[in-house]
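Hi,

Here is the structure I promised to pass on. Have a look at it first, and then read my notes below.

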Amino acid sequence: MVFYYTCKAEDIVYTIYMGRDKVENEDLIKWGFEEDVWFHVDKLSSAHVYLRLHQDETLDDVPTSVIADCAQLVKANSIQGNKLNNISVVYTMWRNLKKTNDMEVGQVGFYNQKEVRKTHVEKRINEIVNRLNKTKVEKNPDLQQEKESREREEREKKKREDRELRKLEKEEEKRKQEIADMKSYKTLHVEENMTSNYNDGNESDDFM
């Protein structure tokens, strides 16, 4: 079971999701999307919360209110963290998550610690948590199928972009060739119409 939430900022709607337990967290770790952002309470056990970014959106583009929503949600779904004030929530892009065979279920590391960000949560804000819970939807998605479908879409998109790029390159080559041919034609045309100072012997060069 995966829980989905919706939040909105600046007229932009975001999807947040998390697994029901640590077993489902493993699937989320494995089948996440490139544009997913992972959230977790720092140094405490908690749910794994993910924020799905929009196409071409970076982590720096995400409104601070959306980051705060995710932080509140992950805090509310931490047995220890929910009871404490002044905690930290860490977050990073899904692609930075590192999973090795010797790790426990639900445990992750990072490929690059410098890409891990941290936000301070002073206390639980029930207004935020309640608002998100009102949007909560439970689903049983086939995460593997979703990921594979997404990857197929990305491959097809890349193929289309490559075809378009090759088309533009050919058109540019054709345009340059046409310009070169036109310059060559104009040069030839000028040479054919040039007058000559050559004397064929029928006229005198003497001056009176």
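What share of the contacts in the protein chain with a separation of 6 or more comes from residues 24 or more positions apart? The share is 67%, where contact means heavy atoms within 4.5 Å.

Before the rest, some ground rules. This is a predicted model, in which local features need pLDDT of at least 70 and side-chain atom pairs count only at pLDDT 80 or more, while totals for chains, interfaces and linings use all residues. Residues are numbered from 1 along each chain as its sequence is written, and side-chain values use heavy atoms, with hydrogens and water left out.

**Overall layout**

The protein chain has four helices and nine strands (DSSP runs numbered from the N terminus: helices are H or I with at least four residues, strands are E with at least two). Along the sequence they follow the pattern β-β-α-β-β-α-β-β-β-β-α-β-α. Of the 208 residues, 33% are buried (buried is under 20% relative accessible area, exposed is over 50%, and partly exposed is in between, with a 1.4 Å probe and protein chains only).

**A buried serine**

Ser 78 sits in the loop between α2 (64-76) and β5 (87-93). Its relative accessibility is 1%, so Ser 78 counts as buried. Neighbours within four places in sequence aside, Ser 78 is in contact with Val 41, Ser 45 and Ser 46.

**Salt bridges**

There are 11 salt bridges in the structure (a side-chain nitrogen of Lys or Arg within 4 Å of a carboxyl oxygen of Asp or Glu). One of them joins Arg 52 and Asp 36, at 2.8 Å from N to O. Arg 52 is in strand β4 (residues 49-52) and Asp 36 in strand β3 (residues 36-41), so the pair ties together parts 16 residues apart in sequence. Asp 36 is buried, at 0% relative accessibility, whereas Arg 52 is partly exposed at 24%.

Another links Arg 117 and Asp 60, at 2.7 Å from N to O. Arg 117 lies in strand β8 (residues 117-121) and Asp 60 in the loop between β4 and α2, so this pair ties together parts 57 residues apart in sequence. Here Asp 60 is exposed, at 59% relative accessibility, and Arg 117 is partly exposed at 32%.

Lys 159 also forms a salt bridge with Glu 156, with the closest N and O atoms 3.8 Å apart. These two are three residues apart in helix α4, so about one helical turn separates Lys 159 and Glu 156.

Cheers
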